[in-house]
Amino acid sequence: MTHPKNRILRRRSGLLALALLTAAFSASALDSLASTDLLTLRRDIQRLPPSDIAPRDKVRLKTVANQLLAAETALARQSAAMTPRERAMAEAQLLAASDSLQTAVAEQGRSALALFGAEQSAQDASASALRRGGPVRRPVEVQVTSTRPGSVAPPMDVYALPLIYITRGPPASMSDAKLRHLLDVGRFTQQTSPSTDRLETHGDYALWIAPPNRIDALLPLVRQRALTNYRRVSAGPSEPITLVLSEDDQVRLPPAPDAVTPAPNATSGSTR
């Protein structure tokens, strides 16, 4: 017959093993949802020798990496409850924050600006993925006035992207197709004027106006950080915001292909 004390010890050992197994499974589940790049970055940070980085900076880098891993897991779990715009913007913020972290790791904490930028972008990405404080739904109205007395400004598209995509540029790993999709999702559903829509993730946005349906022309400007005619808008406050812009505030783009005057047809009206 087994002694009661041995049965208790055996039961405790079984519970401990179950707890360890559950913890290992949870960690494995978390890592399986995390991107390979983030996991690699976390390992790279861990391997940085003390001679190459100050201990406090290494802790800060590890904190950012863990924050982004948790944000990515939260985003995977909550994406079904998000609108297409909220999901796309949250994913874009996470990708930009991961890119910022990669830069900070490459600098090994020596660049205070890179490290601070990684921390700030990680905070926005984390808040958006976790939907901290509930979903963001800040109404924005854009009105465009004409520069010609008595005239009405022509219709224009309104765009809003996370500010980091304009000031720092999109991550190099983001394809043109994905950037085009992000611009399309970030475009307000109606043209001016007025045009009303909502900002749906945390952080600061760059908002601008441009001629209708010119995403392909905007794409290289965003890619090359050459878009300067924008307004900085925070998605944090919940109260509506109204922006009054002039048609001169629009982003200047080359003429659309179908707007270029075609060359005379050599076979048409020839007087040979």
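**Notes on the pocket and the sheet**

1. In the lining of the largest pocket, helix H5 provides the largest share, namely eight residues. This is a predicted model, and the points that follow should be read with that in mind.

2. Besides helix H5 (112-130), the elements that give two or more residues to its lining are helix H4 (84-106) and helix H6 (164-167).

3. The lining of the largest pocket consists of 21 residues, and those that lie nearest its centre are Gly117, Gln120, Ser121, Ile164 and Thr167. By residue class, the lining of the largest pocket divides into nine polar, eight nonpolar and four charged residues.

4. Turning to the sheet, three strands form an open arrangement in the order E3-E1-E6, with mixed pairing. Strand E3 (195-199) and strand E6 (241-246) are the edge strands, each of which pairs on one side only. From one strand to the next, the twist averages 25°.

5. In which sense do strand E1 and E3 pair? Strand E1, which covers residues 138-145, pairs with E3 in the antiparallel sense over five bridges. For a reader who wishes to inspect this pairing residue by residue, Val142 stands opposite Ser195 in E3.

Definitions and conventions: Residues numbered from 1 in each chain as written. Predicted model: local features only at pLDDT ≥ 70, side-chain atom pairs only at ≥ 80, totals over all residues. Heavy atoms only, no water. Pairing = 2+ DSSP bridges. Helix = DSSP H or I, 4+ residues; strand = E, 2+ residues; numbered from the N terminus. Axes fitted to C-alpha atoms, helices over the stretch in contact; angles between N-to-C directions. 1 Å grid on protein atoms, 1.4 Å probe; cavity = no way out; pocket = protein on both sides within 12 Å on 5 of 7 lines; lining within 4 Å. Nonpolar A, V, L, I, M, F, W, Y, C, P; charged D, E, K, R; others polar.
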